[in-house]
Amino acid sequence: MLRMGLTGGIGAGKSTVARLLVRCGAVLVDADVLAREVVSPGTPGLRAVAERFGPRVLSATGELDRAALGRLVFSDPAARADLNALVHPLVAARREELVAAAPAQAVVVEDVPLLVETGAAARFPLVVVVHADVEERVRRLVEDRGMSRDDARARIAAQAGDRERLAAADVVLDNARRPQGAPDPLPARVEDLWSGRLVPFERHLRERRPAPLPSSVVVAPDPSWPAQAARLAARVARAAGVPERDVEHVGPTAVRGAPAADVLDLQLAVDSPPDVEAVADPLAESGFPAVPGARVRPGTLAEALHASADPGRPARLLVRVRGSESWRRELLLRDWARAVAPSACSAVGGPGSLAAAREWAVRTGWSAPR
């Protein structure tokens, strides 16, 4: 099973993408639908909301007046936080029930409007963001939903900004306004995402095997490599139950301006050799199954090697005991390459590179992080 997080700012077209994915075969778990369900008449959720906000948020028939509630919370951050504290745990519990009931081979699309705001991105092996610029979203909210421009802008302002949302995205589906009469490219983009990435990703996860790595052809440096690595590191840290500082971006792509093969390398520090085994299953579930046959004795180059199951983002993960020689060596080579020159990356692992890095460490007083 693959659990994919889907989000986007209000008016971006997230619901349209969700429908297209369902048409492809996905199982949809819609947080907005669940948020309505847990505050439906007679539920503990509705009673809790009414107690906090008073009868003004109830209709004459005792149902939740969502428009009245919206006017209260979208202009008041404290009230919005109170509402989230009441509703989000109920939604989370119901969501887990639905996911548990999905078929083992399902691609489960979790439509979460506040995925970024709630810090939930790291719990998904893949996050897809539907994007449209603010002015287009305002236009859609006014023309399609009958909002006033002020109300539309207030609702947009109450959510994460585009920069924060895009930073969480592994995939961005652009849903900008198209010229009148032009065909809509969104269905084809969603179908390509489904067949080219989601289906094979799910299969790799279910079979606990990494996606094939691409050729080792060196390409020009990609300035987005550090941000991509940071997203993966957050997932690894969450799965392993460690602070994010225990997952380091290493290897050639960790050196800004350095040409490298387009494969991200991460290193996870654990406290002891038994921990190498203990984190294997959680890492596999988060998108990093172990590479078959790659486990070797502690103290050698890699205590365990995992790799990404996502065919769209090749990555390797070294799991090493903190303080071991191989853990220290990896960090030293990276920091030496960063300090000397990007061109040093081509020599990392080659003859003389470790000796040069050790000489640099002595000269500069370098030490590995603790």
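The following exercises, each with a worked solution, concern a predicted model.

**Exercise 1.** Determine how helix H1 and helix H9 are oriented to each other, and which residues form their contact.

*Solution.* 
Step 1. Locate the helices: H1 comprises residues 14-24 and H9 comprises residues 186-207.
Step 2. Consider the geometry. The two helices pack at an angle of about 50 degrees, and their axes lie 10 Å apart.
Step 3. Classify the angle. Angles from 65 to 115 degrees count as roughly perpendicular, and those under 35 degrees as roughly parallel. H1 and H9 are therefore oblique to each other.
Step 4. State the handedness: the crossing of H1 and H9 is right-handed.
Step 5. List the contact. From H1, the residues are Thr16, Val17, Leu20, Leu21 and Cys24; from H9, they are Leu186, Pro187, Val190, Glu191, Trp194 and Leu198. Sorted by class, the residues of this contact of H1 with H9 are nine nonpolar, one polar and one charged.

**Exercise 2.** Describe the order and pairing of the strands in the open sheet of five strands.

*Solution.* 
Step 1. Read the order across the sheet, which is E2-E3-E1-E4-E5, with parallel pairing.
Step 2. Identify the edges. Strand E2 (27-30) and strand E5 (171-174) are the edge strands, as each pairs on one side only.
Step 3. Examine one pair. Strand E1 (residues 2-8) and strand E4 (residues 126-131) run parallel and are joined by five bridges. Thr7 has Val129 in E4 as its bridge partner.

**Exercise 3.** Determine how helix H13 and helix H14 are oriented to each other, and which classes of residue form their contact.

*Solution.* 
Step 1. Consider the geometry. The axes of H13 (residues 325-340) and H14 (residues 353-364) come within 9 Å and cross at roughly 80 degrees.
Step 2. Classify the angle. The range from 65 to 115 degrees counts as roughly perpendicular. H13 and H14 are therefore roughly perpendicular to each other.
Step 3. Inspect the contact. Among the residues that meet are Leu332, Leu333 and Trp336 in H13, and Leu354, Arg358 and Trp360 in H14. The contact of H13 with H14 has 10 nonpolar, one polar and four charged residues.

Technical notes:
Residues are numbered from 1 along each chain as its sequence is written. This is a predicted model: local features need pLDDT of at least 70, side-chain atom pairs count only at pLDDT 80 or more; totals for chains, interfaces and linings use all residues. Side-chain values use heavy atoms; hydrogens and water are left out. Axes are lines fitted to C-alpha atoms, for helices over the stretch in contact, and angles run from 0 to 180 degrees between N-to-C directions. Helices (H or I, at least four residues) and strands (E, at least two) are DSSP runs, numbered from the N terminus. Angles under 35 degrees count as roughly parallel, over 145 as roughly antiparallel, 65 to 115 as roughly perpendicular and the rest as oblique. A crossing is left-handed if the near helix is turned anticlockwise from the far one by less than a right angle, and right-handed if clockwise. Contact means heavy atoms within 4.5 Å. Ala, Val, Leu, Ile, Met, Phe, Trp, Tyr, Cys and Pro count as nonpolar, Asp, Glu, Lys and Arg as charged, and the others, Gly among them, as polar. Two strands pair if DSSP finds at least two bridges between them.
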